[in-house]
Amino acid sequence: MRSLLLAFLTLLLRAQGAFLVQPYLQLGDAPRAARAERLDLLWHAEDREAAWTVEVRGPKGWILQAAPVFHRLDAPPLPAHRIYRATLGNLVPGTVVPYRVKRDAAVVFEAEAQARKPGAHRMVVFGDAADGSKGQAAIAQAVLAARPDAVFITGDLVYGRGRAAEYRTVFFPFYNSETVPLLRRVPFLGVPGNHDVPFANYPDAAAYFAYWAQPLNGPALKAGDKNAAPVIPGLHDAVVAASGAAFPRMASFSFDYGNVHWTVLDSNAYTDWESPALKAWLEADLAAAKHATWRIVALHHPLFQSSRTHFDDQWMRPISPVLEKYGVDLVLAGHVHNYQRSAPLRFRPTRIGRRGRPVEGEFTVDEAFDGQKVTRARGIIHIVTGGGGAELYDLWQTEARVSWQPWTRILRSDTHSFTVLDVEGPTLKLRQLDAQGRELDAITLTK
Ligand SMILES: [Fe+2]
């Protein structure tokens with residue numbers, strides 16, 4: 001027992017010395033399920049030579065993985081550092097796989113990774129989270145207790161400006177510590193929000209592109225394109241260089257998990273989803289997802305929501321007819337710091353004004369769906385799950401139903417919360433939980 005404890009403490013000390021950011025899991029450029037699953041493992045370390053290796057435990061012992069590669073990020077105020085990436089390969093779908101990282105032949109990190117599940121699974125979703133607050137910490141603990149297979153963050157990944165320095169202090173320590181060992185066990189996926197884009201004055205802004213590893217199957221954007229995150233040459237060069245192929249393409253993408261197809265859209269103000277290039281990609285992606293039982297669109301800016309704050313940020317509404325055409329079931333958004341669920345909706349835009357102005361149109365609302373007895377939805381259910389940690393918006397609206405849009409079915413602004421999606425074949429259960437695990441909302445959808 002004593003020797004076990006000693007071994008654990010030695011590993012802990014080595015781990016603390018070896019990493020600036022401890023290893024964390026990402027889906028990597030693996031959008032589709034495969035017989036041999038994989039996950040990317042990333043970590044940050046000082047900018048000096050070291051012999052890093054990664055091993056995965058197989059039935060006959062540890063299996064050496066392909067040598068890690070690294071990008072260097074040299075953007076103040078953090079000292080230049082290395083973002084290492086290795087791939088955990090040949091994973092049996094759905095299994096929990098032990099892995100370890102060695103530096104100069106010494107084991108410095110050990111954990112277990114949840115490989116993508118082919119069938120029933122639990123996805124946790126929340127947005128607007130990492131601001132270093134007690135609310136964020138409480139939700140992180142509750143998400144751990146909910147035992148997700150993967151986590152999706154609907155944007156505003158890191159406050160205040162998506163900077164590398166902020167990831168170091170308010171993101172990784174909250175989701176990947178000894179007490180909250182989430183990111184080392186399950187992959188986090190996410191979409192950039194308006195706080196994750198390249199801000200002027202901050203050379204380490206838009207660190208999303210350098211620190212996340214997600215599918216590179218989005219619209220084939222190039223730096224400088226109209227719909228690409230607008231970096232400032234000479235200011236954001238270091239982040240762009242450290243991002244490799246991820247910039248600017250990784251802002252939108254799609255992936256499958258179980259029988260769910262996820263279409264992830266960069267909804268920031270510089271994107272125009274009515275433009276031919278983006279619209280064609282969206283249609284092609286959804287058309288190719290016929291194999292999926294469920295279709296989910298995830299983005300930062302909601303199409304339909306009732307909060308007074310950000311009420312006029314409606315510029316994503318015009319994509320609704322395309323989503324309806326291809327049978328999208330759920331739209332998951334953030335941006336608005338509370339929880340909201342709409343009735344199943346269809347929408348025909350009649351007046352599209354300038355950005356930040358209302359988008360008017362005709363609604364068709366499925367009044368019969370209640371998620372309890374009537375579980376087949378005719379239309380898309382819009383969820384805002386922006387209560388992941390940052391300061392809540394419009395607390396008074398929770399009780400003030402008169403302030404809700406006629407198709408809003410629940411609005412909870414009085415507490416932080418997150419969404420749990422349990423998908424099993426033709427049944428999708430959606431629950432909204434608070435930091436104590438109490439249920440704020442629960443619906444079932446069936447096909
Ligand atoms: Fe936002």
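Me: What radius of gyration does the protein chain have, and why does that agree with a compact globule?
Reply: The radius of gyration is taken over C-alpha atoms, and the globule rule is 2.2 Å times the number of residues to the power 0.38. With 447 residues, a compact globule would come near 22 Å, which agrees with the value for the protein chain, 21 Å.

Me: What kind of model is this, and how are its residues numbered?
Reply: This is a predicted model in which local features need pLDDT of at least 70 and side-chain atom pairs count only at pLDDT 80 or more, while totals for chains, interfaces and linings use all residues. Side-chain values use heavy atoms, with hydrogens and water left out, and residues are numbered along each chain as its sequence is written, from 1.

Me: How many helices and strands are there in the protein chain?
Reply: Helices (H or I, at least four residues) and strands (E, at least two) are DSSP runs, numbered from the N terminus. Counted in this way, the protein chain holds 7 helices and 23 strands.

Me: What share of the residues in the protein chain is buried?
Reply: Buried means under 20% relative accessible area, exposed means over 50%, and partly exposed lies in between, with a 1.4 Å probe and protein chains only. Of the 447 residues in the protein chain, the buried share is 59%.

Me: Why is H3 described as largely enclosed by the rest of the structure?
Reply: Helix H3 covers residues 164-175, and its buried residues include Tyr167, Phe171, Phe172 and Tyr175. H3 is largely enclosed because its buried residues number 10 of the 12.

Me: Which residues does the cis peptide bond with an omega of about -10° join?
Reply: Most peptide bonds are trans. Gly160 lies in the loop between strand E10 (150-153) and helix H3 (164-175), and the cis bond with omega about -10° joins Tyr159 and Gly160.

Me: Is His335 buried or exposed?
Reply: Most residues other than glycine have a negative phi. His335, although not a glycine, has a positive phi of about 75°, and its place is the loop between strand E15 (330-333) and strand E16 (339-342). With a relative accessible area of 3%, His335 is buried.

Me: What relative accessibility does His310 have?
Reply: His310 also has a positive phi, near 65°, and is placed in the loop between strand E14 (294-299) and helix H7 (320-325). His310 counts as partly exposed, because its relative accessibility is 26%.

Me: What distance separates the C-alpha atoms of His261 and Ala292?
Reply: His261 lies in strand E13 (residues 260-265) and counts as buried at 1% relative accessibility. Contact means heavy atoms within 4.5 Å, and, not counting residues up to four places away in sequence, His261 touches several residues, among them Arg32, Asp285, Ala292 and Trp294. Although His261 and Ala292 are 31 residues apart along the chain, their C-alpha atoms are separated by 5.8 Å.

Me: Which residues does Gln397 touch, not counting residues up to four places away in sequence?
Reply: Gln397 lies in the loop between strand E19 (381-385) and strand E20 (408-412), and at 0% relative accessibility Gln397 counts as buried. With residues up to four places away in sequence left out, Gln397 touches Ser306, Ser307, Arg308, Ser403, Trp404 and Leu411.
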